[in-house]
Amino acid sequence: MPEMVAEVAEATKRWSVLWTHSNCEQLVHDQLGAKGFEVFLPTIEAWSRRGGVPRLSRGPMFAGYLFLHHAMSKASYLEVQKSRGLVRVLGERWDRLAVVPDSDIEAIQRL
């Protein structure tokens, strides 16, 4: 029976979008990861200049956003909301979150 509950929970997991304060993507990612949430922060390499020296550095692909894969309940929503650096979870309310299709996340992961 516990296997069936796990399968149902896995089937109801959806990708939600988390909006963060400027430059807080990694902070939110680390906090939620430490709490056991499955978080995806896509990064990309880009050239930048510091002190006139060009450098290749890694940063977020979507500045200010990251993705959470979770079967959201009101309790887990409140736990996510406690994250320092998080502005909000996109959507109307905790049970009507904006959802990103699995195929879109898989495409981003392939990049």
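Helices (H or I, at least four residues) and strands (E, at least two) are DSSP runs here, numbered from the N terminus. Read that way, the chain goes α-β-α-β-β-β-β-α-β-β-β-β-α. This is a predicted model, in which local features need pLDDT of at least 70, side-chain atom pairs count only at pLDDT 80 or more, and totals for chains, interfaces and linings use all residues. Residues are numbered from 1 along each chain as its sequence is written, and side-chain values use heavy atoms, with hydrogens and water left out.

**View 1. The whole protein, for orientation.**
The protein has four helices and nine strands. Its C-alpha atoms fill a box of roughly 60 × 30 × 25 Å, taken along the principal axes. Of the 111 residues, 29% count as buried; buried means under 20% relative accessible area, exposed over 50%, and partly exposed in between (1.4 Å probe, protein chains only). The accessible surface comes to about 7,500 Å², and 55% of that belongs to carbon and sulfur atoms. Those areas come from the Shrake-Rupley method with a 1.4 Å probe, and for residues only the protein chains shown count as cover. Contact means heavy atoms within 4.5 Å. Among contacts with a separation of 6 or more, residues 24 or more positions apart account for 67%. As for charge, the mean positions of the 14 positive and 13 negative charges are 10 Å apart. Lys and Arg count as positive and Asp and Glu as negative, while His and the chain ends are not counted; each charge is placed at NZ of Lys, CZ of Arg, CG of Asp or CD of Glu.

**View 2. Helix α2 and its buried face.**
Helix α2 covers residues 25-34, and E25, V28 and L32 are buried in it. Looking down the axis of α2, its buried residues fall within an arc of 70 degrees, so they line one face of the helix. (The arc is that of the directions from the helix axis to the C-beta atoms.) An α-helix has 3.6 residues a turn, so residues three or four places apart point the same way. What do the buried residues of α2 pack against? Their partners are β1 (14-20), β2 (38-40), β4 (53-60), β5 (65-70), α3 (74-81) and β6 (86-89). After α2 comes G36, with a positive phi near 95 degrees.

**View 3. Helix α3 from its packed side.**
The buried residues here are S76, Y77 and V80 of α3. They cover an arc of only 105 degrees around the axis, which puts them on the same side of α3. The buried residues of α3 pack against β1, α2, β5, β6 and β8 (96-97).

Is N23 buried or exposed? N23 counts as exposed, at 70% relative accessibility. Its phi is near 65 degrees, a positive value in a residue other than glycine. For background, most residues other than glycine have a negative phi. H21 is partly exposed, with a relative accessible area of 44%. Leaving aside neighbours within four places in sequence, H21 is in contact with G85, L86 and V87. H21 and V87 are 66 residues apart in sequence, yet 5.9 Å apart in space, C-alpha to C-alpha.

**View 4. Strand β5 and its partners.**
Two strands pair if DSSP finds at least two bridges between them. β5 pairs with β1 in the antiparallel sense over six bridges, and three bridges join β2 to β5, also running antiparallel. Which residue of β5 is the bridge partner of V17? It is F67, and F40 stands opposite F67 too. In strand β1 you'll also find S16, which counts as buried at 3% relative accessibility. Beyond its neighbours within four places in sequence, S16 is in contact with L66, F67, L68, M72, V89, L97 and A98.

**View 5. The β3-β4 hairpin.**
Strand β3 (residues 43-50) is joined to β4 by eight bridges, and the two run antiparallel. R50 stands opposite V53 in β4. Two residues lie between the strands of this hairpin, and G51 in the turn has a positive phi of about 65 degrees.

**View 6. V99 in strand β9.**
V99 sits in β9 (residues 99-100) and is partly exposed, with a relative accessible area of 45%. Apart from neighbours within four places in sequence, V99 is in contact with R14 and W15. V99 and R88 are 11 residues apart in sequence and 14 Å apart in space, C-alpha to C-alpha.
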